[in-house]
Amino acid sequence: MGSAGDWCTVESDPGVFTLLIQKFGVKGVQVEELWSINDCIFENLRPVHGLIFLFKYVQHEEPSNPVVTDNRLENIYFAKQVINNACASQAVINMLLNCNHPDVYLGPELTKFKEFTMSFDPYMRGLTLSNSQTIRAAHNSMSRPCLFEFDAKTPSKEEDAYHFISYMPINGRVYELDGLREGPIDHGPVNPGQDWLDIVCPIICTKVNTYLDNEINFSLMALISNRKMVYERKIYYLTEDTRRMQTDEAEQEIRNLQMLIELEDTKMMTYQQELARRTHNYLPFIITLLQILAEAKKLMPMYEKAKERALKRDRNLQA
Amino acid sequence: PEGEAAAGGAAAGGAAAGGAATGGAAAGGAAPRVDLGAALGTPDVVAAASEPANAQRLAPHVAPPTSGAADDVRTTLLSPQFAQAANQFSSALTSGQIGSVVSQFGLPADVTAAANTGDMQAFFKALENASSGSEASKSQDDKKKDKQDDK
């Protein structure tokens, strides 16, 4: 495997995904976590370019619909997953490279990557992705520095493996992109006038229910157009309208949108702050803190209390 | 959660291996797995760390400020990202592989040795002993200074 190996695990968090996409040089999109799945949840998120379903990988299931192996593959970007830790980036890139929406700007890095690998088969695409210095650097910049050698030495147990699959409309059909499959899974056509979300929701609901029954951890995220951009565009049109015809309603709407933009700005700042913490080396802080507690003779009392809590926890687990 | 889960799993394996190798402290007491993430976020610790003199010592080690805001000692201790780092630290500590990392911080040899046993309690005890030693010498230094000032 060589250099393909040193990919760090990244957290499955909408902030991490949003910043990761920006790091790739992509503009016009962001990722939001979905807490439930129904029609109204998408109301404030449209347009939704794709959905990412993340779960603790348990076992191989048979695909519910046919796997595409015909010449449609020439027009669908599908890369096979070569290494596990890269799968977050891989899921996002698979999705971005299939996006044809005018809101989505791929940027030079991914455009170049797509041109370079488009003629490759899914396995070669996956391999090229795992060996891409720039993509790996962006991916690794989202995770905690590996402080201790034991992190690298201890092979992660199979039960800790998380898996990402994505769903999106491509050329009028809904596909499931799962890097562990031989190809995309075809979930059927989107009829004229039909919303692709209406097709994908029942599929995901079925999946969610089986995972709930088996107490498997999962989360669902949506790749959507950059909110701030969408709000600014709305304000622009409303301002144009009010020039012709002044209405209180439009002005109220503009005020609302401005408030939403402020919330987006705050959210992005929080993401940056969380990333700074996530990637910070806290070792000097921890050592200094332990020394401070030791000098104040508060270290052993802290430990005793923590031990008591841990014993209680273990007893509760056994009971 | 991906990283934390992996670190947790590694710790359980590491602790068992450490116990078998040293046959000492880890095997003696059935010490439960203590996660420092929660322990360092308790009100007692936050209060101690936030005392001005202590906060000043810790300030250079908080996460770098962003356009959003700058972390202080309190926000650091209460953030989930710090808790994860602290849990990772305790996993590494109980796996007995942290001695060389700790030694970079200029801690006395017996503290480093205690860290290498993978016994958190022994490591903390060694830290307290070492600090009471340096505390004593520090206050002696202070006394000397005072005397000099008197002159």
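Predicted model: local features only at pLDDT ≥ 70, side-chain atom pairs only at ≥ 80, totals over all residues.
**Rings and strands, step by step**

The contact crosses between chains: Y282(A) belongs to the loop between α9 (248-278) and α10 (283-295) of chain A, while F82(B) sits in helix α7 (residues 80-94) of chain B.

Y211(A) is buried, with a relative accessible area of 3%, whereas F218(A) is partly exposed at 28%. Ring pairs also tie these two into a cluster with F53(A) and F55(A). Rings can meet charges too: the charged end of R125(A) sits over the ring of Y77(A), 4.5 Å from its centre.

Now for the strands. In chain A, strand β3 (residues 162-170) has 8 of its 9 residues buried, so it is largely enclosed by the rest of the structure. What does β3(A) pair with? Strand β2 (residues 48-56) of chain A runs antiparallel to it, joined by 6 bridges, and K56(A) stands opposite Y162(A) in β3(A). Strand β4 (residues 173-178) of chain A also pairs with β3(A) in the antiparallel sense, over 6 bridges. Here I170(A) has R173(A) in β4(A) as its bridge partner. β3(A) and β4(A) make a hairpin with 2 residues between them, and N171(A) in the turn has a positive phi of about 45°.

Conventions: Residues numbered from 1 in each chain as written. Chains lettered and ligands numbered in written order. Heavy atoms only, no water. Buried < 20%, exposed > 50% of the residue type's maximum accessible area, 1.4 Å probe, protein only. Helix = DSSP H or I, 4+ residues; strand = E, 2+ residues; numbered from the N terminus. Phe/Tyr/Trp six-rings, centres within 6.5 Å; stacked < 30°, edge-to-face > 60°. Lys NZ or Arg CZ within 6 Å of the ring centre and 35° of its normal. Pairing = 2+ DSSP bridges.
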